[in-house]
Amino acid sequence: MVSIDTQSGFCFGVVTAIRKAEEELRKGGTLYCLGDIVHNGQEVERLEHMGLVTIDHEQFSRLPKRSKVLIRAHGEPPSTYRIAAEKGIDLIDASCPVVRNLQRKILDTYTQHADAQIVIFGKEGHAEVVGLQGQTDNKAIVVEHLSDINKINFQKDIYLFSQTTKSVEEFSQLVNSMQTEVTDGIVFQWHDTICGQVRNRVKHIREFAAGKDKVVFVGGRNSSNGKVLYEHCKAANPDTIFIENAEELTEKYIRSCKGKDVGICGATSTPLWLMEEVKKCIIHNA
């Protein structure tokens, strides 16, 4: 038996961004996207075939007036909006509402507590984190691992936030570790800003993986969320493999699925059609 996890696949933020892209592409004309619309190469390629043009920030700053540019679910820093206004670029803002809300929280905290340290638990250079740092004029401290807390001055007030797709367990560990370092009389406030959909998926995906003989996790290798969820799958079921697409399945592995209860799951950036292709490949060749 081969089954797909019903809770895997695009989160609502990614669904909205892709829907907006498809709507604009159907109108005709050129639509640019600032960075990969989703951390999944196959889905990016599908949309590029429809006419979506992926650009970086340098190319964005050189676009002609009235160009249409999609801002993906990860969000963007204030500088992107300023450039668009100066250049007369039309923005189609598909920032995830959860990310936008987090940006506002960080901006408000930065404005109200100018002398404090804003700390973001996230991946350095990740698109969402770049947008969050931008709310603080890039003064926020990014902490990716527990070992990074030496970047923080524990004799100054600290306000901690998290990238929306980080691990709940790792965030809790970070908070506990920082609490032991804070000097008496110093303000330390932390805000668990991890997306509810991501939080709920961890528990579910562990249960899903534990109930299968074998698990195939489908995701983009540059997806932070994918890496987190895959590790949870692997912990719940050691017989878990990570692939980007059906072409990566070997004949030997497919044969090993015969007579087994195989589960297929993926990240918040994994399209359902890609998981369905993997399912068909196993069923038709096992």
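Predicted model: local features only at pLDDT ≥ 70, side-chain atom pairs only at ≥ 80, totals over all residues.
**Entry 1. Strand 8**

I began with strand 8, which covers residues 158–162. I wanted to know how many of its residues are buried. Five of the five are, so strand 8 is largely enclosed by the rest of the structure. I then checked the two faces separately. On one side I found Ile158, Leu160 and Ser162, and on the other Tyr159 and Phe161; all of these are buried, and both faces are covered.

Next I looked up the partners of strand 8. Strand 6, residues 117–121, pairs with strand 8 in the parallel sense, and I noted five bridges. As a point to find by eye, I wrote down isoleucine 120, which stands opposite phenylalanine 161 of strand 8. Strand 9, residues 188–190, also runs parallel to strand 8, and three bridges join the two. Here the bridge partner of isoleucine 158 is phenylalanine 188 in strand 9. I followed the chain from strand 8 to strand 9 and passed through helix 7, residues 168–179; this β-α-β crossover is right-handed.

**Entry 2**

I moved to strand 4, residues 68–71, which is joined to strand 2, residues 31–34, by three bridges. The two run parallel. Cysteine 33 stands opposite leucine 70 in strand 4. Strand 4 also pairs with strand 5, residues 90–93, in the parallel sense, this time over four bridges. For this pair I noted isoleucine 71, whose bridge partner in strand 5 is aspartate 93. Which helix belongs to the β-α-β unit of strand 4 and strand 5? I found helix 4, residues 78–87, and the unit is right-handed.

**Entry 3. Strands 10 and 11**

Strand 10, residues 214–218, and strand 11, residues 240–243, run parallel and are joined by four bridges. Valine 216 has isoleucine 241 of strand 11 as its bridge partner. With helix 9, these two strands make a right-handed β-α-β unit. I kept helix 9 in mind for the next entry.

**Entry 4. The largest pocket**

I looked up the largest pocket and its lining. The space in it is about 290 Å³. Among the lining residues are Lys123, Glu144, His145, Lys166, Ser167 and Glu170. I also listed Ser224, Lys227, Val228, Glu231 and His232 as part of the lining. Which helix gives the most to this lining? Helix 9, residues 224–236, does, with five residues. Sorted by class, the lining has six charged residues, four polar and one nonpolar.

**Entry 5. The cavities**

I then turned to cavities. The search of the whole structure finds two of 30 Å³ or more. The largest cavity holds about 290 Å³ of space. It is lined by 23 residues, and those closest to its centre are Cys11, Val14, His74, Thr165 and Thr268. Helix 1 (12–26), helix 5 (97–112) and helix 9 each supply at least two residues of this lining. The largest share comes from helix 1, with three residues. By class I wrote down 11 nonpolar, 11 polar and one charged.

The second largest cavity holds about 30 Å³ of space. Its lining consists of Glu24, Leu25, Gly28, Gly29, Thr30, Leu31 and Lys68. By class, two of these are nonpolar, three polar and two charged.

**Entry 6. The cysteines**

How many disulfides does the structure hold? I found zero. Cysteine 265 is in no disulfide; its nearest cysteine sulfur belongs to cysteine 233 and is 3.6 Å away. The cut-off for a disulfide is within 2.5 Å. Is cysteine 265 buried or exposed? Cysteine 265 is buried, with a relative accessible area of 0%.

I also looked up cysteine 281. Cysteine 281 has a relative accessible area of 18%. Buried means under 20%, so cysteine 281 counts as buried.

Conventions. Residues numbered from 1 in each chain as written. Heavy atoms only, no water. Buried < 20%, exposed > 50% of the residue type's maximum accessible area, 1.4 Å probe, protein only. Pairing = 2+ DSSP bridges. Right-handed = clockwise from strand over helix to strand, strands pointing away. 1 Å grid on protein atoms, 1.4 Å probe; cavity = no way out; pocket = protein on both sides within 12 Å on 5 of 7 lines; lining within 4 Å. Points joined across faces, edges and corners; volume = space filled by probe spheres on them. Nonpolar A, V, L, I, M, F, W, Y, C, P; charged D, E, K, R; others polar.
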